Structures are given as C-alpha cells and as structure tokens.
Amino acid sequence: MKKQSLLLRVLVLAYVAALLGIPLLFVFQQAFSHGWSELWAALHDHAMDLAILLTAKVVVVAVPLNILFGIGASLWIVRRPSRLSHVLDVLIDVPLAISPIVVGLVLELAYAQNGWFGPTLAKLGWRVMFSLPGIVIASIFVSLPLVSRQVIPLLREIGDHQEQTAATLGASPIRIFFTITLRSIAWAAAYGVTLTLARVIGEYGAVLIVSGNIALLTQTLTLNIGANFENFNSYQGFVGALLLAFVSVAVLLVIAVARHRLERKRHDSFA
Amino acid sequence: MTVSLDGVSKSFGKSLVLDDITDVFADGEMTALLGPSGSGKSTLLRIIAGLTPLDSGRVRLGERDVTSSPARERHIGFCFQDYAPFRHLSVFANVAYGLKVQRVPRAERKARVEELLGLVRLEDFADRYPHQLSGGQRQRMALARALAIKPDVLLLDEPFAALDAQVRGELRSWVRSLQRELGITTILVTHDQIEAMEIADRLVILNEGRIEQTGKPSFVYDHPSTDFVAGFLGPITTLWGISYRPHELELSLDGDEGEKATVTDVVRLGFEVRVVLTNQTGESSWVQLTHDQAKALNPSIGQRYVVRPRSARGLIEQDPTKRARS
C-alpha cells in the first residue's frame, strides 16, 4: 500500500512537472537567456508596452462590470427566483460551454459594419469592432459566469434568515445588502474576481477576432506575444510570457488566500 | 402589546396554508402555536412578523394596523429556529445591530448591549464569534439581539428544536421566567405538545391551516373539543366508543359497572405501566397505571378485570357538530 501511494505521488508530480513546471521553467530560461540588459530593453519594447496598457484598460473596465453583473445576477437568481431568472441561470454558463473563437465570430456578426447593430452604431459614431469596446465586450462575455458561479452556491447555503432577521431589527434593504449580504459573500466574490482577472488578462481567441490584432492599436498582451512568435521574434515573445507568468503567480496567490478564507467560512458554518 | 389577527388566509400556489385565522394574543401573554408540521403555524408567525405577505385578512399590533407594513417597520423581535446569527459579527456586534440601525449613541449602545448580555448570561462571550458558541449560547444571543430594540412583540420559531434534550429543558424554563420578567407579548411556534403546555399561558392548536381550539393548556388537555386536539395533546383510548385519557380509566377485579375484559399486554415504562385489555366483542382499550397502582393490582396477560371510567364524562363533549369536523 505504501509503495503504491509513493508511486502514485511520483506519477502525479511527474505529470504536473511535464505539463506545467518544465514549460514554465523554459519560459524563464528563454527570457533570461540574453542577459539582463537585453531583458531590460525587451521590457521597453514599444509595441509590448502599448499592449500591456491596452490589457490594463480592458481589465479596469471589464472586471468591475463583471463584479456588478455577477453579484446582481446571483442575488436575482437565488433571492428572487422567477422563470426569467431560471433562464438567466442557464444562459450564464453559455460562455463556458462555447469556444472563445465562436464568441469572437458571433460578436463580429453582431457589431461589424455590415452586422446587425454595426450600421446603427456607426451612425452614432460608435465603433465596436477593432477597438477597445469590442475587446471589452469579448472579455466580459468569456468571463461572464466566473463571479456568479462562486457567489450563487454560497448565497444558497447561507440562506436568507440573516437578512430577514436584520429586516426585523429595522434595517433597510440597502443596509442589509452592505452589512449582511455583501459581508457574507465577500470572499466568494473575491475568488470569482481573481478568476475573472486571470481570464480577462489571458483571453486570446475571442479578442483576436474582435480586435483585428492591429499592432500598436488593438493588440493586447496575449495578442502581442502571439504576434511576436509568429514573426520569429520569439525572444520578445518569451519576455511577454514571463510577464504573464508573474501576473498568474500573483493571481494564484490571491486565489489561494481567498479559497482558504472561504473554506474556513464553510467550515465555520453550522450544522 | 396585543396582536390581533382577523381572517388571515394564505395560499402557496394551489395549497391553502392558512384558512381564515382570527385570534387575539393578549398583552404580556405567552402563547404557543401548536400543531403538526404542515399545519401552517410557522407561516402564521412569519405573517405576523411581516416576513411573508398574506393573501387576505388584517394584522393589528395594539391599535396599529400593520397589514401592509414591511417587517422593518413593525418593531417585532423574531428568532429563527437556526437562530440566524450574523456569522461575520462578534456576539457584541450581533446584539448591537438593531441599536446601530436606530442610531442609538455609542455610549448608550454599549451600556444597553452589556445589560442584555448580562440578562442572557453571555457577558463573558462579547468578543466571541457565533461559530465559537454552543447551540444554547447562540440561541441566547439571538434572543438578546431581538430584545435589544425593545420590541413590542417577541416571536420565536421552534426555539428549542435544535437543542439537545437537557439544554432544551433548562432554556425552556429560563425563557419562560425571562418572558414573565419582561412582560413582553410572546408567540412561539412548536410541534412539541409537552413544551407548549409547560411554557405557554395559552395554546392555539392549528391543524391543516385552521384553528382547532384555543385556551389554557390544562383546560384544553382536559376538555379537547375535537379528536384531533385530544390525540395531539396526549394519549387517548376508547371505551364503549367514547374517548378517555388512559389514566382516567381504572381496573378492578370485580364490580357491576364497567366492562369485563382480558389483559392482552402489559408494558412497563418505569413510573408508568400500560395495560392493554380486550373485551368479549374484540374491542380493546388501554389503561395507564402508576407504578404503585400496578404493584397493587399486579396485572398479567390473561387476567380478567372490570374496566370503568373514573368519571362518567368522556374526554370530548358529545357535540355532534364538533365531532363531525375531525
């Protein structure tokens, strides 16, 4: 039994190392292969810096919108269930079920100049495709369920007795939301937010189509990395990948903390 | 403050949960809403609190009609069966919640919370969190939190159901004495008839959304108006087609008044001994004897006795309209 479990552990570790560890080490090795000064210069690559800036802009708009939507949708689905909210409950998972490239194509169909809304929006002077709004919409779309899928089970589990008790104590609905509901779901929401952040930063397929992948204009960091590899500028690509790896580690740390807190909360829940 | 219900009805979908409930809960009285699960008692409590909207009827607190007031304007203390502690707040902050909503100044708030924690004997637990408390302590915290706003009425939904037997008994008598001390109108929901009879000044017995009977526990026990109430409050047996409490029947070795019957079973439950007898036509009754009575008679299977009621009156008044209801 002991030998078997040891073998199992070695196998699992080797599997993870082959899939995750070695490629990640390779990214580091490649990024540092030309020495510090080259790395410093590559970090100041103009196209990449603009790509980082664009990704930051997308994060700043898309993540807060997803938090608002995720918490709002969760409350609607759990606390005010109706036929319509059940439909939303199902629809909300669609982005996880379909390929990002399809999301991109559907958005193009809707917003391109010859698409459904494209001409109307063009008359208003709004451009969605090949610009920031399109990238934001695609990013929100692919990360739509990530907050609510964390919040909904927790809302169900804690029930509404705390909220109703607060109401009998004279609290207004807004006060109940901020002092009871939000406090109860904070860690689940934080976990969902980090997942959203990671997804928005890392998204490639949907953004590739809606952005048009125009260097210096509509290239996000992931698109920039992809373009560098395609243009045989793989060193620059590895430097970009290194940056993404650092972001991932930071996100993983936050996730680990949030999950730990969440599990402790669940553990504290009463039988 | 009195609570008056006037023709309260409520349906969930197609099922009628409460059917035309009219009753008055007197000021300072402790009333138990007693009934089996599904009788509508918890729904009635939630309607009084304003947590569930009613379909028709009126709810009054004193002279004030609160039928359309939301829960937060009713000034009613409510304790859930699971106590619903605010998990992320300390015991102190839990009790202070309602006072903070009322914008009671900090110093006054602190004094009031400390007074309440003393009242529920949790003064040493002010800084703890709900998950660090036992079930009984959580319940006392929930009680202090509800009482903090000095509510006009206190509503308790199955307050002792989640506690183990020993704690339950202690808390029951403690809550009873606290309620008497504060003189607050209290309505509690329970499915446990012994609990209801022990704690309440008055019983309201519900069955399938209707009030079966109301009254003082001892009166309702001795004078149930329907078979349902009789059976729900205590054991019943029948002799000559009339219902009796089993301890109201007596056994003797001979005599003319009474039914001759043979012992078919004897169950000894410590203090209480149950003797099951069957007469010549196959009808059976059972008689509850005290330990001492059983010792004197020493009944055993196959022995013949004469069974007769101690008083001529049956348990339920032989009113044909009332009997027809059950």
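Of the 271 residues of chain A, 37% count as buried, a residue being buried if 20 or more other C-beta atoms, placed from the backbone, lie within 10 Å of its own, exposed if 12 or fewer, and partly exposed in between. This is a predicted model, in which local features need pLDDT of at least 70, side-chain atom pairs count only at pLDDT 80 or more, and totals for chains, interfaces and linings use all residues. Residues are numbered from 1 along each chain as its sequence is written, while chains are lettered from A and ligands numbered from 1 in the order in which they are written.

The secondary structure of chain A consists of 14 helices and zero strands; helices (H or I, at least four residues) and strands (E, at least two) are DSSP runs, numbered from the N terminus. The C-alpha trace spans about 70 × 65 × 30 Å along its principal axes.

Chain A is assigned domain 1 (1–31) and domain 2 (43–268), with bounds from an automatic or database domain assignment. Their centres, taken over C-alpha atoms, are separated by 30 Å. Five residues from domain 1 of chain A and five residues from domain 2 of chain A make the contact, where two residues are in contact if their C-beta atoms, placed from the backbone, lie within 7 Å.

Ala245(A) lies in helix H14 (residues 234–268). Ala245(A) is partly exposed because 15 other C-beta atoms lie within 10 Å. Leaving aside neighbours within four places in sequence, Ala245(A) is in contact with Leu24(A) and Val27(A).
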